[in-house]
Amino acid sequence: MSTPVSAEKKEKISVPFDYNKYLRPNKLPHIWCPGCGHGIVLKAMLRAIDKAGLEKDNIALVSGIGCSSRTPGYVDFNTLHTLHGRALPFATGIKMARPDMKVIVVTGDGDALAIGGNHFIHACRRNIDLTVLVFTNAVYGMTGGQYSPTSPLGAIATTSRYGNVEPPFDTCEIAKAAGATFVARGTAYHTLELEKTIHEALAHKGTSVVDILDACPTYFGRMNKYKSATHMMETMEKDGTVSVKQVDKLPADKVQGKMLRGVLHKIERPEYCEQYASLVQEKAQGK
Amino acid sequence: MGEAAKKLPNIVINPKLCKGCSICVDFCPTNVLEMRGTCVAVKDLAACTRCQLCDLRCPDFAIQVFD
Ligand SMILES: Cc1ncc(C[n+]2csc(CCOP(=O)(O)OP(=O)(O)O)c2C)c(N)n1
Ligand code: SF4
Ligand code: SF4
Ligand code: SF4
């Protein structure tokens, strides 16, 4: 039923990993349902942060509202759990005040792209140095399974009982078009690859967006007749995606209708806080 | 077979954290694990290859495999 990690295993594997190093004591078990992908993403993020050698006190982890936005509550960084859709404005404020800090945003697809869609495109446009991790479960988990801007056509949700008629956003295409300088996609299923992608996103200067496909078995899964969390991971994450590294080698029918995984876009462009600081300096010198 | 090859891994399960989602059982390539009620349990330790997939995909910090 499963594939061993052999392909990913060439590098030194990062597990077993001492997660307690980064977790707040006595906060587990977390609130997420059995099989919810958010926990898998949290673990990959912690391993990536460790790999990047970041100091706990030099990280700010900012979220909005949603199941995914509960992530900061479990970790021992500077954390901020804000308003629905508003993680990016808060994170922008922190980054402007403390450009030395590593500011990471964890946000749901609803949080980032529905109510927070406007903030999302403008953060990307500014190319402010934020690492934005979008937990894409294609549904509003916290409020009971309403369809989200990434729900596929035809998906059943509490608000689309006969199938969703709204075409979904491609988060990565939006991020790229809006100006983000690092855009990638990962899944909870490909967890070592995800760790690597988040590590790369953390190293990039500018707005880095990682769209992460993960499962909400409780709502999306049950309403769309998936048998289990495993079934969702195998069909949506494993079979539903293809790596950018393999896409050119595969026949068209193996690629048709699949989402691309890996680093999809990476360019250099002036970063917002640096531009702002140099303008302030220039004016202070009376130029 | 030398002594080193026979050494069994140490699979540590935290029953207070396991939510019984069965992800680790389903993805284990060598059928080491099984569900007992709502908690995972080791069925065949000798078959474990230390591939770490169970830890990597467990959403709940509930299982780890040590040498
Ligand atoms: C201003 C405002 N509007 C609506 C809500 C209700 N609300 C809470 S979470 C949420 C959506 C969560 O979905 P998503 O961001 O995708 O995260 P998930 O729960 O799926 O991880 C909504 C609509 C709210 N808390 N505040
Ligand atoms: S409702 Fe969905 S997204 Fe929220 S914790 Fe449960 S499985 Fe996860
Ligand atoms: S380490 Fe691999 S072989 Fe051992 S129990 Fe976990 S998934 Fe199975
Ligand atoms: S994946 Fe984790 S929570 Fe799920 S059954 Fe296995 S140990 Fe328990």
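In this predicted model, a polar side-chain atom of Asp109(A) lies 3.1 Å from an oxygen atom of ligand 1. Two further polar approaches to ligand 1 come from the backbone, one involving a backbone N or O atom of Cys67(A) and the other a polar backbone atom of Val139(A); the distances are set out below.

| Residue | Part of the residue | Distance to an oxygen atom of ligand 1 |
|---|---|---|
| Asp109(A) | polar side-chain atom | 3.1 Å |
| Cys67(A) | backbone N or O atom | 2.8 Å |
| Val139(A) | polar backbone atom | 3.0 Å |

Ligand 1 has 17 residues around it, and those that come nearest are Cys67(A), Ser68(A), Gly110(A), Asp111(A) and Gly141(A).

Between the two chains, 23 residues of chain B are in contact with 34 residues of chain A, and the area buried between them is about 2400 Å², with carbon and sulfur atoms contributing 66% of it. The interface has 9 residue pairs in polar contact, counted where both residues are at pLDDT 80 or more, and 1 salt bridge is found across it. A salt bridge joins Lys43(A) to Asp55(B), and the closest N and O atoms of this pair are 3.1 Å apart.

Technical notes
Residues are numbered from 1 along each chain as its sequence is written. Chains are lettered from A and ligands numbered from 1 in the order in which they are written. This is a predicted model: local features need pLDDT of at least 70, side-chain atom pairs count only at pLDDT 80 or more; totals for chains, interfaces and linings use all residues. Side-chain values use heavy atoms; hydrogens and water are left out. Contact means heavy atoms within 4.5 Å. Buried area is the accessible area (1.4 Å probe) that two parts lose on being put together, summed over both. A salt bridge is a side-chain nitrogen of Lys or Arg within 4 Å of a carboxyl oxygen of Asp or Glu. A polar contact is a pair of N or O atoms within 3.5 Å; within protein, one must be able to donate a hydrogen and the other to accept it, and residues adjacent in sequence count only if both atoms are side-chain atoms. A residue is near a molecule or strand if one of its heavy atoms lies within 4 Å of it.
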